[in-house]
Structures are given as structure tokens and as C-alpha cells.
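Q: I'd like to learn how to read contacts that involve aromatic rings. Could you walk me through them?

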Amino acid sequence: SLSVVAEPFVIRICQLVEGHPLALELAASWVDALSCREIAQEIATSLALLRDDSGQRPLRHVSIEQIMQQSWARLTDDERAILNRMALFAGGCTREAAQQVAGATLPLLKSLINRSLLRLEVSHQQAARYGLHELVRHFALTPLADEGELENGRSQHAHYYLPFLAEQEANLMKAHMVAAMEKIQPEMDNIELAWQWAIDQKQCALLAQTAPALTGFLQNNGRFAIGQQLLKAAHTACPETPQLKNRLAAMLNMLGVEAVLSIQLTTEAFTQATAVHDKREAAYACLTHGATLRRSSHFTAAWDKLETGLSLLSANDDPWLQFAQFPGHRPDRQAEDRGKDVANEEQGTGKLHHKKHKQGPVPLHAPARSRRSGSIIILSAAALSLPAVAAAVVVITVIAIIVAAIIVIITAIVLLAP
């Protein structure tokens with residue numbers, strides 16, 4: 001039987017070969033010599049493991065690479081060149097991306113589809129996409145690396161997808177938010193691949209340009225943990241970039257963790273943004289800093305930061321202010337909201353959204369569970385409302401099932417009673 005330790009690596013093997021029956025058989029033939037972890041690691045780097053030299057298989061089933069070579073030999077030079085560059089995409093791509101990144105023409109795309117090396121995925125909700133089977137993609141990337149073209153291809157890929165994401169930032173803060181998210185979602189595999197390339201190459205300006213849109217998208221989807229992972233890696237590569245510090249701090253705040261680090265990041269980001277007269281990032285730093293303090297029931301200090309941030313945004317006339325929901329973002333209620341928070345702090349109730357926390361302000365270094373005391377900056381209304389609605393639906397569904405079960409039991413008892 002499959003062990004708990006091996007299960008994730010077996011799943012990874014299935015993903016790497018995309019369920020190809022022969023590839024799975026060849027991978028399974030190594031379980032006597034390698035662990036599932038090692039098999040997955042080998043396949044991720046090379047298809048050489050997917051072969052069987054025992055002499056018990058037909059020649060055409062001895063090796064995945066051999067099967068690929070047979071198909072490769074039938075291609076023209078142009079078809080090979082396009083197939084190699086189509087392997088740069090993760091999760092497929094649109095026709096526009098195929099043309100701009102891979103230099104693909106419609107006749108060549110059609111030819112590769114007819115040879116069953118490329119597949120067309122059609123959906124009513126989004127534009128048609130071209131994709132490769134994962135084994136074909138793995139095989140086709142090898143010539144790019146051998147010819148020294150892989151790095152150039154990765155660069156073109158990243159400079160297509162990261163600006164594409166950055167262009168969606170404005171729409172993520174307007175009525176077109178849902179349409180923007182639907183446009184981004186199919187490209188997330190490509191975006192994450194491009195983001196990693198930018199980290200590896202320390203393309204700090206490109207990461208800074210993209211960080212606001214990436215953060216907004218992931219927050220709207222409630223994918224805070226993934227956002228924390230991506231932004232931490234980027235901040236490590238580019239530690240002097242205020243846009244990355246601010247967005248990482250916001251993700252930590254959404255998760256309710258590492259408050260001390262969040263405040264350190266926003267303090268540094270404010271200093272860096274102020275030095276270059278970037279009011280938007282300076283405001284973002286103040287608001288996120290204030291939200292972290294407010295979550296920990298340090299209301300007076302929090303409001304000093306929040307009001308500073310809001311004044312900077314007003315002066316900058318940033319559309320982000322109209323979209324986001326900040327504590328005190330309505331001028332007509334700002335004084336009233338601050339007064340309530342300060343009164344609660346003085347009384348030691350730590351009251352936020354009518355929830356009492358009699359212990360008073362919580363230390364910033366306290367564990368996350370002890371700091372669930374209030375609201376934080378909501379960079380997107382959807383980041384809070386969607387998870388809440390989903391939770392409510394689940395609770396209502398469970399209650400309905402329980403009630404139905406009780407009714408069935410009572411009915412059965414009545415019918416079966418003598």
C-alpha cells in the first residue's frame with residue numbers, strides 16, 4: 001500500500017508525466033532501486049530515467065526519449081524551432097503569447113497540432129489556448145538549453161508576462177476587477193515562472209513594477225500563503241525595493257503573522273519611498289504599519305500611522321484610495337472611528353468590530369492566535385468578503401444536512417413504531 005511519506009511524491013510523478021501510461025510504468029519499474037522522492041527528482045531534471053533495458057518490452061516501448069525522438073525526426077527545422085520555444089510556457093498560452101514569445105505562425109501551430117505534439121484547448125469563458133503534454137514540453141526544452149537559447153527564451157517569456165500582469169493593476173481596483181481576475185487566472189503558471197526568473201536574475205525594477213498587481217490578485221483570491229512565499233523570495237533577492245517590502249508586509253498582515261517583521265518592513269519602506277518622493281509607497285507603508293498596530297490593539301499609535309497614510313494618498317489623488325477600505329477612510333467618520341478605538345484602548349478592552357479582548361494591547365511578538373483581535377487593512381473588499389461568504393455557505397449547508405438527517409430518522413421511527 002502507498003505510504004503517507006511516498007504519497008506526495010507519487011502525485012508529483014503523475015503530474016510530471018501527466019498521466020502517460022507508459023511513462024508511469026517505466027517510472028514504477030524503478031521502485032526497487034529508488035525512493036518515490038528520488039524518482040520524482042530524476043524525472044523533473046531528465047527523461048533518461050523513463051526507460052527499461054530489461055529486454056522484456058517491445059522496442060517501441062523501451063524509452064520515452066526514443067518515442068519522442070521518432071516524432072522529432074519527422075519535423076521540419078521550423079517546426080522544431082517553434083516546438084522548442086512553445087516549451088517555454090507553463091500551463092499553455094494564448095495565440096498572442098505564442099506569436100510574441102515563440103514567434104509561432106498559425107500554419108506552424110496547425111502543423112504541430114496535426115502531428116499531435118501541440119494541443120488546442122477551447123473554452124467558452126476564455127480565449128483558446130495552446131499547450132504541450134508535460135513529457136513533450138520536457139523533451140523540447142532540452143535543445144534550447146543545449147544551444148544556449150534557454151536563457152534568452154526565459155527572458156522574453158518574463159518580459160511578456162510580468163508587464164501583462166502589471167497592466168491589470170488598475171482594473172483590479174475598479175468595477176472590472178472580476179474580468180481582470182479571469183484574465184490573469186489562466187496565466188498564473190506562466191506568471192509564477194516569470195516571477196521566479198526575475199528573482200533569479202535580480203530584476204528588481206521588473207519585480208517592483210509587478211508586485212502591486214500580483215499582490216492584489218492573490219489577495220482577492222485569498223491566496224495569502226502563496227503570496228507570502230513569492231514576495232519573501234523576491235524581497236530576499238531585492239532587499240532595497242519598497243514595493244516588495246510593502247506588499248510582503250501586507251501579506252503577513254493578512255495572515256496575521258510576524259507582526260514585528262511587518263512593522264520593520266513598512267518602516268524601511270517608508271524611509272526608502274520618502275527619500276525618492278514616492279508618496280504612494282510611503283502611504284502604503286503607513287497604512288500597512290497602522291493596520292498591524294491596530295490588529296494588536298495598539299490603537300493610538302495605529303491611528304497616527306493610518307491618518308498619515310490617508311493624508312498622503314489624498315494629496316496624491318491615488319485611485320487605490322477609492323477602491324480600498326481603510327479604517328477611517330471616510331472623512332465624515334474618521335474622528336468618530338478614532339475616538340472609539342482610543343476609548344477602547346484606554347479601557348483596556350481592545351474592542352474591534354464589537355469583539356472584546358479584555359487583556360488589552362497584544363504584544364507584537366505574540367503568536368498569531370493571540371492577535372486575532374481585529375481588522376486589518378483591506379486592500380481589496382473581495383479579500384475579506386469572498387472567504388466569509390464561502391464559510392457562511394458551508395455552515396448553512398452543514399446545518400441543512402443535519403436537519404434533513406434528523407427529519408429522516410424521526411420519520412423512520414414513526415413509521416416503524418408498532
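Q: Which residue lies over the face of Tyr284, and at what distance from the ring centre?

A: Keep in mind that this is a predicted model. To call a charge over a ring, you check that CZ of Arg or NZ of Lys is within 6 Å of the ring centre and within 35 degrees of the ring normal. Here Arg247 lies over the face of Tyr284, 4.0 Å from the ring centre.

Q: What sits over the ring of Phe270?

A: That's the charged end of Lys305, at 5.9 Å from the centre of the Phe270 ring.

Q: How many aromatic pairs does a search of the whole structure find, and how do I describe one?

A: A ring pair is described by the distance of the centres and the angle of the planes. Searching the whole structure turns up four aromatic pairs. Take Phe89 and Tyr161: their centres are 6.2 Å apart with 85 degrees between the planes, so the pair is edge-to-face, given that over 60 degrees counts as such.

Q: Where in the chain are Phe89 and Tyr161?

A: In distant parts, 72 residues apart. Phe89 is in the loop between helix 5 (77-86) and strand 1 (93-94), while Tyr161 belongs to helix 9 (residues 150-166).

Q: Are Phe89 and Tyr161 buried or exposed?

A: Both Phe89 and Tyr161 are buried. Tyr161 also forms an edge-to-face pair with Phe164, at 6.4 Å centre to centre and 85 degrees between the planes. Tyr161 and Phe164 are about one helical turn apart, because three residues separate their positions in helix 9. Phe164 is buried, as is Tyr161.

Q: Which residues form one aromatic cluster?

A: Phe89, Tyr160, Tyr161 and Phe164 do.

Terms used. Residues are numbered from 1 along each chain as its sequence is written. This is a predicted model: local features need pLDDT of at least 70, side-chain atom pairs count only at pLDDT 80 or more; totals for chains, interfaces and linings use all residues. Side-chain values use heavy atoms; hydrogens and water are left out. Rings of Phe, Tyr and Trp (its six-membered ring) pair if their centres lie within 6.5 Å; planes under 30 degrees apart count as stacked, over 60 as edge-to-face and the rest as tilted. Helices (H or I, at least four residues) and strands (E, at least two) are DSSP runs, numbered from the N terminus. Buried means under 20% relative accessible area, exposed over 50%, partly exposed in between (1.4 Å probe, protein chains only).
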